Amino acid sequence: MKNQYMSYQESLDFLHAMEKQYPDLIEVIKIGTTYEGREIVLAKLSKNVETADTKPALLYTGSIHAREWIGHELALKFIEYVAKNQTVDPELEKSLTESTLYMVPCLNPDGYEYSRKHFSFWRKNRRKNHDGTYGVDLNRNFSIGFVKQKDTSSNVYGGEEPFSEAETRAIKHFVDAHDNITIALDYHSQGNVFFPAHKFMHEAELDGTDMNVLAANMNDEFAKVTGRKYGIHRGKPPAHLISGSGREYYYSKGILAMVVEVGTKNIPDYMKSMSGSIHENIPALKKAFSEVVNYSSYAPRRVEAFTIDSREATSVILEWKYEKREDIFFEIYRSTKDKDACNERTKIGIAGENHFIDNDLVSSTNYHYTIRAVNKHTGYKSPFAPVVKVRTKLEDDEFFKLIFASKGGTGYVGQYTQEQNRLHFGLNSLFVGINKSKGICDAVISFDLSTLPENAIIKATRFYLYPMNRVGAKIEKFGQWDLSLLKPESFTEITDFYEIEKAESKGHIGQAIKSSQLTQGIWNFWDFSRHECELLQEEIANQKAVFRIDGPKYLPDGEDSQMMQFDIGYGQFGGGIHYRPILDIKYTVESEKVKLHSQVLSTISNKGVEEGLKSGFDANGDKIYGYLNFDLSLLPDPNQTMITQCALRIRNKNTFKNRSDIRFYVELVEVDEVGTFEDIKNREKIEYIGYEVAESDLGGKEYQYFNFDTLSRQVLDEMHQEGRTLKLVIKPTSALGAKKRITTWHEDVALVVKYIEKRRMPVASVEDVKITKENKMIKLAWSSVEDEALSGYYVVRNSFHPPKHFMDGVKLYGGKDTWTYDNFASFDKEKYYAVFSYDDVPNFSKPAIVRYDPLEKY
Ligand SMILES: [Zn+2]
C-alpha cells in the first residue's frame, strides 16, 4: 500500500481484495448508498467471520466529516494490520476469537471525494438542499438533541429532520440491528483529543469513568509510540454540547461512544504527521478492541458503592460492595492525576475481600482510585466503578492552602495586542504561544499569598492549570510551555507585553510541557522542587507571587499558529471559577520550644524509694531504677498546639574509671502511683524513648538526648490533650551481670518540647442544610456556624454516594456565604450534597449531608 491518501474507489478495491485474501477473517457488506450513488461499506473482522454478529463488537466509523481524512486512512491501515498479525499477536488473536470489529472506513464517501478532488475544506455530504445549496453535516443529523437550523449553507447544517440522510440512515439501521456493539469510536481530525459521549447533563455518569479510562488507556499506547498524549474532554460546564451527533446516538443505545480527534490539522502532511498518527492509533485501537468483551454480557458485574472507608496522612482504606464469589477478584488502580489510565502502570494491587488498604502515601495529596472485578477463569473484567477522589490528611505539623489565581492579576499579554492587553485580565482565557494575528503571547498569573503566615515553611507546592483548547497549537512536536516565578522588582506593569516578556525569572518551575503533551480537558500540574518551594517562600513577605507562562516565540515557515488556550475560570469563555489556576501549598511553621522540669526525681530499689535520680545495680546485682515525671498540663493549650518534637535531656554526675557493659533505657510507663519496687518491676511499658545509651558513652558534663519516636510522640500528644503526667523510668541492663555500680543523674533533667500553634479540632458542623429550587437551579442553604475560628464552608456534590470528605465529589462552593447554587445539576438525577465547615488549618468538620430526590418537590 502506498503512503499517500487513498481514493474511495481504491479503498473499495482494497477492501474487496482483503476479503478475497482472508475469507475466514473479513467480510465486506454494503450498508447503504449515497446521494451520488456510491456504496457505503462496512468490513466485519473476526475469527470465523460468519459468527461475527454473535460476538461483542467494536464499531469504528471514519471520515463522517469529508475533510477529516484520517478516519478513512487509519481504518484501512488498521484492517491491513489486523489481517497480517491475526496469528502473530496473541492479544489480537484472543480479541478476534472472542469479539468482532465493524469497520466503516468512510461514512461520507461523496463528501470525501469532493474534498479530495474539488475543495479540500469540504465537511458535509453532497446532497442538494431544497434551496439549492449543498450538503448536510452528517454529524448533526442524528436524533439525539437534533436541532433544525434554517441556514442550509452553514457548515454545521443538520438537515431537514433526524436521519434525513442516506449515510446516517445506513449506520442507524446497522447499529439498531446489532446490539452486540459495546464500544463505538468515531474518528475525526483535529486536536489530538477524545470527546466521550454525554447525556446533555453536567453530572457524573455511572459509565463516565469507563469512557475516560478507555481514552486514557489508548493514550498510554500513543505515548509509547510517539510520546504524544491526547486530551480527554467531557462535560465540562458550561461547554457547548453538540446536537444530533452520531456519538450520542450510539451512547443512547447503551454503547460506550467516543469521538477521537487525531492530529493537529484536518489534512496533515502525510509523510511527516499522518504516518505518526496512524502508527500510534493502531496499538491504541488494538487496546480498545481488547476491552470490547469487558462491556458485554459475558463480563462480571460492576463493583458497587466503591468509596473511602477512612483516610490518614499516609494511608487510605477503600471499601465496596460485591457478593462473595470464589471466581472473582478485584483490581485497584490509583493515580495522582485525573483521567489517568488503568493498566499495569497504575494498578496498585488486587484484593479478594471487599476492602483495600493503600499505605505509604504522601500527606495532603490528591489521589484518584477506581476498581474493577475480574473473573479468575475467563479473565473478563467488569466495567469500572466511578472514580473516587481522596485527599490524604495533613501530618501533625502541617497546614495547607489552596490559593486561586487573583482575578485582576491573571490574563495574557500579546505582542500585537498592546492596546487590548489590559482587557485580557480577569475575563478571558489565557492564550500562550504565538500566532500571526496576536504575535507572541505570554500569560501572567498572580496569587495573593497574604493568607500564609509570615513564618510559613513551604514543604510542597503544586501549580494546577486547566488546558481548555489546543486547536490553535497546529504544529506537531514544536515548542514547549514553561512556568516561571517572576522577580517582583523586574517589572512594574503586568498588562504590558514587553515588561512581562523581559521580566526576570527567579527560576523555572518543574518541567516544561512539550507540545505533544499539551492535553486539553485534563488538569495539568507542575510540582515544585525543594528549591522552588524556597523561591516561593521568599515571596510570602511580598504577600504575592506572579508567574509567567510562555511558549514558542517564532513560527516555522508556512505555519500560522502554535497557540495554547488555558482556562482562568472567569468570563464567558471560562469554565467557571473551579477552573481557575490553583496553587496547592503544604507548609509548616517554625516551632517554638519549651523546657519542662521534672516534678519528681526518685530512685527505686528493693530497699525502697529515695529522693534523687539514680540508676544501676546494687551489691546483689539487683536493678535500681530512676523514676521521673513531668506535668504536661504546664504545656500550652493542647487545643491550639501540636507537639512536633520531644526529647528527654539528661546528664550524669559521676563517672567510673573501669568500664562496664551497662546500658540505660528510658521507658514511657503507665503506673498509677509509684510506691514500691514491685510497682516499677511489674510496670506496664508503653514505649522506649529513643535509643539506649551505653554507660561508657556518658561523659561527665555533656547532655544526653533521648528523642521521642513517632509512636511515643503520639502517646505524649494524647497525654497532653488529657492533661496527664508523663512518667518515665530509666532502666539499666547488663548482660555480664554488673554489681554495685550506680550512676547518679543531674537534677537539671528536662523535657524539651517543640510545638507549633495549630488548631486541633474542626469548628462545629453545619446544621439544617435545606434544598430549594430557584431560577431553575438547585439551591442549598444552611445555618451559620458561630465561631471566630471559622474560615468558611465547603460544598461538594456526589452523584453516587454521600461525600465522605471534602474532596469526595465535585466542588460547588468554598467561602463564607451560607448558601450556594448548583448551577449545573440535573433535576432528574438523585445525588448527595455535603456541606463542611473549616478553619484556617484547615480542619474540616463532619459533613452535613442532604440527599436530592428527583421525585420530591422542593
Ligand atoms: Zn469532525
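A residue is called buried when its relative accessible area is under 20%, exposed when it is over 50%, and partly exposed in between (1.4 Å probe, protein chains only). The structure is a predicted model, in which local features need pLDDT of at least 70, side-chain atom pairs count only at pLDDT 80 or more, and totals for chains, interfaces and linings use all residues. Residues are numbered from 1 along each chain as its sequence is written, and side-chain values use heavy atoms, with hydrogens and water left out.

The zinc ion is coordinated at 2.0 to 2.5 Å by His 65 (ND1), Glu 68 (OE), Glu 68 (OE) and His 188 (ND1). Donors are N, O and S atoms within 2.8 Å of the metal (3.2 Å for Na, K and Ca); water is not among the atoms, so sites may look incomplete. The spacing of the donor residues in sequence is H-x2-E-x119-H. Glu 68 counts as buried because its relative accessibility is 4%, and His 65 counts as buried at 3%.

Leu 256 lies in strand β8 (residues 256–261); strands (E, at least two residues) and helices (H or I, at least four) are DSSP runs, numbered from the N terminus. With a relative accessibility of 5%, Leu 256 also counts as buried. Its C-alpha atom is separated by 6.2 Å from that of Thr 182, 74 residues apart along the chain. Apart from neighbours within four places in sequence, Leu 256 is in contact (heavy atoms within 4.5 Å) with residues including Thr 182, Ile 183, Asp 207 and Tyr 295.
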